[in-house]
Amino acid sequence: MALKPVLGKLISKRVVLASASPRRQEILTNVGLRFEVVPSWFKETLEKSSFASPYEYAIETAKQKALEVANRMHVKHLRTPDIVIGADTIVTVDEQILEKPVDKQDAYRMLSRLSGKEHSVFTGVAIIHCSSKDNQLEMEVTDFYEETKVKFSDLSEELLWEYIHSGEPMDKAGGYGIQALGGMLVEYVHGDFLNVVGFPLNHFCKKLVELYYPPPKHSICHIKHDSVPPVDTFENLSDGENESSNFAEHKGANKLDNSRTHPSGPVYNSEDHYCVKTGFMVPLENTAKSLPTILELIDGFRASKALFVACKLKVFDHLKDKGSLNAVDVANEVGASLCGMERLLDACAALGLLEKTPQGYSNTDSANTYLTSDGKYSLHGYIIHSNEHLWPLFTNLEFAVKEGTRQNHRAFGKKTEDLFKDYYHSQEGKQRFMAAMHSIAHLTARDVATAFDLSQFKSACDLGGCTGALAHELVQIYPNLKITVFDLPEVIANTSYFQPSGQCTAPVTFISGDFFKDNLPEVDLYILSRVLHDWPDEKNHTLLSKIAAVCKPGSALLVAEIVLDEQKTHPPRALLQSLTMTEGKQRSGSEYKQLLEKYGFMNVQIKITENLLDALLCFRKSQSL
Ligand SMILES: Cc1cn([C@H]2C[C@H](O)[C@@H](COP(=O)(O)OP(=O)(O)OP(=O)(O)O)O2)c(=O)[nH]c1=O
């Protein structure tokens with residue numbers, strides 16, 4: 001329970017491991033972290049004698065490895081990761097630093113020094129949080145190290161050479177691998193074993209706790225933290241009501257920007273900017289600093305459409321589990337022209353959605369996870385909905401702005417009678433809409449379900465819960481919770497396709513009805529996920545009054561929505577969504593609080609999750625309205 005939320009904080013982020021080490025990849029994959037691997041090109045040539053202690057050398061090398069990758073991804077590929085992790089493992093004996101042996105003789109020299117002695121293994125780790133402001137890369141570095149003591153038995157010459165000839169020492173610090181044959185040389189280990197193998201997982205998780213779980217404060221989540229007290233354990237992650245998970249607000253890390261951290265190149269100042277066309281850093285006037293953002297916005301529609309078309313043609317599905325395919329194979333599989341497919345695949349590679357090598361094209365890890373139709377957190381349904389439904393509406397945005405109405409008549413040749421009738425006019429439209437809702441609900445379910453401790457509730461009803469994606473996550477986390485999904489009959493009739501297979505948790509019950517008209521079940525916890533923003537005030541009045549009427553004192557309402565900041569300028573995706581809404585609206589935290597309190601729901605707590613949906617929990621007060 002405590003472990004998942006720590007790494008869960010990274011779920012919605014683009015995490016990059018700046019390391020070629022298969023051991024580090026394995027350690028992080030084994031705990032369910034999803035990341036891309038971009039090995040660092042930083043040469044491990046820092047002057048060892050300039051560091052006061054060996055761990056400082058390891059930390060600095062780890063940092064430079066990560067910075068090199070962050071800079072390269074930002075500048076060369078115009079892709080800014082959210083987090084880059086770098087690590088460096090060294091062995092020290094008799095005040096000497098041992099890295100990877102260059103040849104067998106070198107391995108012999110190292111191993112014979114370690115024979116019969118205790119030595120230290122240090123791994124330095126750097127976690128770099130990146131953001132791009134006016135296309136300038138800004139980085140905040142958090143680093144740490146871990147030391148483990150290892151003692152070797154006395155090694156005979158014969159054993160030593162046998163081990164060296166096994167080939168194992170060559171890519172490992174100190175010339176041995178404790179996790180394999182090298183384990184036979186070891187008498188004892190004091191400290192974190194995984195640290196020796198290349199990544200101090202325990203310390204890493206504690207660092208994440210420090211970064212993402214500052215101590216709870218009793219107010220709404222947008223809290224500024226001036227300092228974060230050290231946390232010694234990550235056991236106690238109940239995701240209390242008001243903690244901030246917003247790394248950007250944490251000031252413990254060292255803030256860097258692109259200009260000051262280029263590891264080996266010239267020093268640029270923050271007025272300079274990378275020119276895509278010439279490949280040089282050029283000084284820019286202040287106003288010109290926003291130019292890259294503007295250019296990106298101008299081109300944004302091309303990138304969206306390329307992604308939509310690749311998904312629609314199931315390019316990522318075809319590439320899944322196939323290794324590398326060339327453009328001819330993909331074109332043949334999807335029945336497209338070769339020249340068209342070649343351009344699409346190249347565009348997807350340029351956008352970082354595919355890897356391109358001389359052998360062909362292959363999916364990135366993110367493409368497998370998010371873009372294939374059966375990916376773990378597939379957004380395929382939402383992408384298809386965006387292409388088929390939102391794209392035509394946005395094409396008519398000018399009319400929507402001028403006339404203040406939804407543009408279904410222009411986009412689809414018919415008037416909108418009701419938001420959902422519009423989606424449900426055909427079986428195809430219904431399934432497409434449900435798949436879109438399912439994508440978002442599934443991706444956000446864990447963050448919504450763990451935003452508050454809901455273990456006190458025995459029964460719950462997800463009103464408009466569609467395919468039950470959130471309900472299924474809730475029963476996983478709270479096995480004693482009996483949960484009902486309440487939705488329109490035409491939705492309930494189509495939910496079977498979306499049910500998870502082979503789960504051994506209590507089943508979710510589905511009830512069909514119209515929450516504006518029909519009786520609602522009596523439960524301890526009502527859930528409204530992505531409902532309130534969609535409807536005009538009168539409809540919300542009907543719905544919230546009905547819930548208030550059946551909700552007993554002490555029972556609660558969980559709302560999942562995007563919560564705007566008080567200036568209503570963030571997050572941008574909420575404001576962009578509003579552009580094609582005419583009846584409903586996005587709200588700030590205080591507006592949601594006001595709305596809920598109006599219907600007798602008090603003690604409104606808000607959790608900004610950093611995922612696509614935030615969460616609010618409130619309790620029905622004892623006296624009736
Ligand atoms: C001591 C020891 C080291 N190692 C490995 C961990 C690291 O991969 C390697 C030390 O070299 P590093 O330079 O830390 O890492 P790397 O070159 O493998 O990868 P990158 O620089 O791209 O991040 O030694 C073991 O696998 N087992 C061991 O017992």
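This is a predicted model: local features need pLDDT of at least 70, side-chain atom pairs count only at pLDDT 80 or more; totals for chains, interfaces and linings use all residues.
Figure 1. K314 is partly exposed, since its relative accessible area of 37% falls between the limits of 20% for buried and 50% for exposed residues. This residue belongs to the loop between α9, which covers residues 291–312, and α10, which covers residues 315–319. The backbone of K314 also deserves a careful look, because its phi angle is near 60°, a positive value in a residue that is not glycine.

Figure 2. Is C466 buried or exposed? With a relative accessible area of 7%, C466 is buried, because the limit for that class is under 20%.

**Figure 3. Helices α18 and α19 where they cross.** Helix α18 runs over residues 427–449 and helix α19 over residues 469–477, and their axes come within 8 Å of each other, with a crossing angle of roughly 30°. The two helices are therefore roughly parallel to each other, as angles under 35 degrees are placed in that class. The crossing of α18 and α19 is right-handed. On the side of α18, the contact is made by H438, A441, H442, A445, R446, V448 and A449, while α19 contributes A469, L470, E473, L474 and I477. Sorted by class, the residues in this contact of α18 with α19 are eight nonpolar, two polar and two charged.

**Figure 4. The cis peptide bond between H570 and P571.** The peptide bond that joins H570 and P571 is cis, and its omega angle is about -5°. P571 is placed in the loop between strand β18, residues 563–564, and helix α22, residues 572–578.

**Figure 5. The whole protein, as a setting for the close-up views.** The secondary structure of the protein comprises 23 helices and 21 strands, and of its 625 residues 52% count as buried.

How values were computed
Residues are numbered from 1 along each chain as its sequence is written. Side-chain values use heavy atoms; hydrogens and water are left out. Helices (H or I, at least four residues) and strands (E, at least two) are DSSP runs, numbered from the N terminus. Buried means under 20% relative accessible area, exposed over 50%, partly exposed in between (1.4 Å probe, protein chains only). Axes are lines fitted to C-alpha atoms, for helices over the stretch in contact, and angles run from 0 to 180 degrees between N-to-C directions. Angles under 35 degrees count as roughly parallel, over 145 as roughly antiparallel, 65 to 115 as roughly perpendicular and the rest as oblique. A crossing is left-handed if the near helix is turned anticlockwise from the far one by less than a right angle, and right-handed if clockwise. Contact means heavy atoms within 4.5 Å. Ala, Val, Leu, Ile, Met, Phe, Trp, Tyr, Cys and Pro count as nonpolar, Asp, Glu, Lys and Arg as charged, and the others, Gly among them, as polar.
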